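Thanks for making the time this morning. I would like to walk you through one protein, so please have a look at the sequence and the model first.

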Amino acid sequence: MNPERADSEVIKAIAERRSVRNFTDAPVDRHVIREIVRAASWAPSGLNNQPWRFAIVWDQSLKEELGRLTRYSAVLKNAAVLIPVFLDRDSSYDRVKDCQAIGACMQNLLLAVHSHGLGATWIGEILKNKERVLNLLELPDRLELMGVVAIGHPLHRNQTSHRKPIEELVVLEK
Ligand SMILES: Cc1cc2nc3c(=O)[nH]c(=O)nc-3n(C[C@H](O)[C@H](O)[C@H](O)COP(=O)(O)O)c2cc1C
């Protein structure tokens, strides 16, 4: 890595982003959420098929109903906005590659949230109820839930996390 670029904004955001599960009541700007979704949509995808679709949920009672479908209900209920992310089966050409693309899209989304000074957590546990989420949101069967991102202003920035040392991760170098 070029040392001059090692502390670029992108690398910094990747390292500093943490899952945020506690939010203040401060409102989140709708325009900012559009920008975040736009950043998510700039993820790479196989054949550039862009299989991701987004719902944007501001409605408090809907957030609470979605919260009942996961044990992380407090995170969903207290977030300013929820973004359920879907795979559009009609745009899909290879399930593994499409899921990988949506993973990249969700990471873009989280990094964009962070760069706007907001916080978020990717909620995957709700996937056990993915059909019920679809029914609740009255969305068509061609959409498959991939995760819900809960977004808001962080109550604090005390989150810590850890990563395995690189030596454990690199299985080959020659
Ligand atoms: C596929 C996936 C599913 C996740 N599901 C949940 C979840 O259901 N609830 C939750 O609190 N965090 C969830 N997370 C967040 C992880 O717990 C978190 O990313 C991990 O502990 C590392 O912490 P960090 O994001 O602060 O670096 C999920 C993350 C991913 C990528």
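Let me begin with a pairing in the sheet, where strand β3, residues 119–123, runs antiparallel to β4 and is joined to β4 by 5 bridges. To give you one place to look, W122 has V149 in β4 as its bridge partner. Please keep in mind throughout that this is a predicted model.

On strand β2, residues 81–88, the pairing with β4 is also antiparallel, and here there are 8 bridges. One of the partners you can pick out is L143 in β4, which sits across from D88.

Is β4 itself buried or exposed? Of the 10 residues in this strand, which spans 143–152, 10 are buried, and β4 is therefore largely enclosed by the rest of the structure.

Now to helix α3, residues 60–67, where K63, L66 and G67 are buried. Those residues span an arc of only 105° around the axis, so they lie on the same side of α3. On the face of α3 that is turned away from the buried side we find S61 and E64, which are exposed. And what covers the buried residues of α3? The cover includes α4, at 73–78, together with β2, α6, at 130–137, and β4.

Next, the ligand, for which I will simply give you the residues around it: R18, S19, R21, Y72, T121, W122, I123, G124, E125, Q159 and S161.

Finally, the overall picture. The protein has 7 helices and 4 strands, and along the sequence these follow the order α-α-β-α-α-β-α-β-α-β-α. Along the principal axes, the C-alpha atoms fill a box of roughly 50 × 40 × 30 Å. The radius of gyration is 17 Å, which agrees with the value near 16 Å that a compact globule of 174 residues would have. Buried residues account for 29% of the 174. Of the contacts between residues at least 6 apart in sequence, 79% join residues at least 24 apart.

I am happy to go back to any part of the model.

Terms used
Residues are numbered from 1 along each chain as its sequence is written. This is a predicted model: local features need pLDDT of at least 70, side-chain atom pairs count only at pLDDT 80 or more; totals for chains, interfaces and linings use all residues. A residue is buried if 20 or more other C-beta atoms lie within 10 Å of its own, exposed if 12 or fewer, and partly exposed in between; C-beta atoms are placed from the backbone. Helices (H or I, at least four residues) and strands (E, at least two) are DSSP runs, numbered from the N terminus. Two strands pair if DSSP finds at least two bridges between them. A residue is near a molecule or strand if its C-beta atom, placed from the backbone, lies within 6 Å of it. The radius of gyration is taken over C-alpha atoms; the globule rule is 2.2 Å times the number of residues to the power 0.38. Two residues are in contact if their C-beta atoms, placed from the backbone, lie within 7 Å. The arc is that of the directions from the helix axis to the C-beta atoms.
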